[in-house]
Amino acid sequence: MKRIRVGIIGHGRSGQDIHGVHLARDPRFRIVAVADHLAERREAAAGKYGCDTHADHRGLIGRRDLDLVVNATFSHLHAPVTREALLAGHNVLCEKPFARTVAEVDDLIGVSQSTGRLLAVFQQSRYAGYFRQVRRVIASGVLGRVVQVSIAFNGHARRWDWQTLQEFNGGSLANTGPHPLDQALELFGDGHPEVFCHMDRTEATTGDAENHVKLLLRGPGHPLVDLEISSCCAYPCFTYQIYGTRGGLKGTQAEAAWRYYDPAALAPLRLVREPLADPATGNPVFCHEDVAWQTGIWPDAPGAAVGGAGYVPGQPESSPTQAFYDMLHRSLTSGAPLEITPQQVRRQIAVIEQCRRQNPQIYQQG
């Protein structure tokens, strides 16, 4: 087994608590070096991993003993630092948000192609168990045609860190948004959606970027996708609501339930132009029929009826980070194609750019 030698740029919440924690216990990887401008973080990295440290990312990307560079520095530095690492001859995994603009994404893709280096984006929520189950249920066809997908990544909290600032490419859409927006675009399907976006900035943030986002994606032959990312929701409910022509799904990141009916089990629909009446009494009535709903739940619940179409019994779910690094290791060692490509993430950045253009009260163009 080839062991991948890794350098991590940025040993903060992502570099340490996501990538560092995982890579330190994954025998397929070895953390060789960490770069961070804070001395205490460099000391922590050396103690945790027994690795070399650098005060500047240029010292790390100047090394020749790395198979992969993980770029987990400040959001506004993702594109330029990734570019430097690619030009230095490294394979790069870039944290989200991938870039600020589509032009930056296109530039990075071009540099990756010209240098022959692998370029990946850490969109690990594509592998989240709840999202995989949503996709299974939809793919099973039991819900019929999907009319609407509603996604809410909401809560209520105040925030005062650097990710509230536009100069750092902050705001809810760039910080939290890349995960649900990636999922939303996957469920929307191929092509570029028509975008409507409303943003707000409330007193709950100290920065100049938004902390409330309402985003609609639509297009002919596609479901309407309704996405909320907000720090202003005191009563968060479901992460997902799926509306289908023959059923629906509701779910959080921990559990899901869905129900659906077999249209063949119902009487054919027949338009009646005359006022409806109870045949026994003649009294006016509303349309009504008894529907035999079939149901499914995820995951297994003790004592509950489990399964239903779209349910995969006993299927183990690795963590999203584990699944992502499984995929990345295959690409680095055997040349397997990336399952999440920069070209796919380009569409996400295009939507974010369009959202910002639609909200000049927050994002001044120019």
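"Buried" means under 20% relative accessible area, "exposed" means over 50%, and "partly exposed" is anything in between (1.4 Å probe, protein chains only). Helices (H or I, at least four residues) and strands (E, at least two) are DSSP runs, numbered from the N terminus. This is a predicted model, so keep in mind its cut-offs: local features need pLDDT of at least 70, side-chain atom pairs count only at pLDDT 80 or more, and totals for chains, interfaces and linings use all residues. Residues are numbered from 1 along each chain as its sequence is written, and side-chain values use heavy atoms, with hydrogens and water left out.

**Figure 1. Strand E4, covered on both faces.** Take a look at strand E4, residues 68–71. Leu68 and Val70 sit on one side, Val69 and Asn71 on the other, and all of them are buried. E4 also has strands to pair with, and two strands count as paired if DSSP finds at least two bridges between them. Strand E1 (residues 4–9) runs parallel to E4, with 4 bridges, and here isoleucine 8 stands opposite valine 70. E4 is also joined to strand E5 (residues 92–94) by 3 bridges, again in the parallel sense. In that pairing, valine 70 faces leucine 93.

**Figure 2. Strand E11 and its antiparallel partners.** Here we zoom in on E11, residues 240–244. Strand E7 (residues 146–154) runs antiparallel to E11, and 5 bridges join the two. Look for glutamine 241 opposite lysine 250 in E12. E11 and E12 make a hairpin, with 2 residues between them.

**Figure 3. Salt bridges, pair by pair.** Side chains of opposite charge can pair when their charged atoms come close. The cut-off used here is a side-chain nitrogen of Lys or Arg within 4 Å of a carboxyl oxygen of Asp or Glu. The structure holds 18 such salt bridges. In one of them, aspartate 65 meets arginine 63 at 2.8 Å, N to O. Aspartate 65 is partly exposed because its relative accessibility is 25%, while arginine 63 counts as buried because its value is 14%. Another one brings aspartate 107 and arginine 83 together, with their closest N and O atoms 2.6 Å apart. This pair links distant parts of the chain: aspartate 107 is in helix H5 (residues 102–115) and arginine 83 is in helix H4 (residues 78–87), 24 residues apart. Aspartate 107 has a relative accessible area of 31%, so it is partly exposed.

Figure 4. Aspartate 226 and lysine 214 form a salt bridge, with the closest N and O atoms 2.8 Å apart. Aspartate 226 belongs to strand E10 (residues 224–230) and lysine 214 to strand E9 (residues 212–218), so the pair links distant parts of the chain, 12 residues apart. Aspartate 226 is buried, with a relative accessible area of 15%, but lysine 214 is partly exposed at 23%. Elsewhere, salt bridges that share partners tie Arg126, Arg135, Asp182 and Glu186 into one network.

Figure 5. Which helix gives the most to the lining of the largest pocket? That's H4, with 4 residues.

**Figure 6. Two spots in loops.** Valine 272 lies in the loop between strand E13 (256–260) and strand E14 (294–298), and is partly exposed at 33%. Arginine 158 lies in the loop between E7 and helix H7 (172–175). Arginine 158 is exposed, with a relative accessible area of 66%. Arginine 158 and serine 231 are 73 residues apart in sequence, but their C-alpha atoms are 7.4 Å apart in space.
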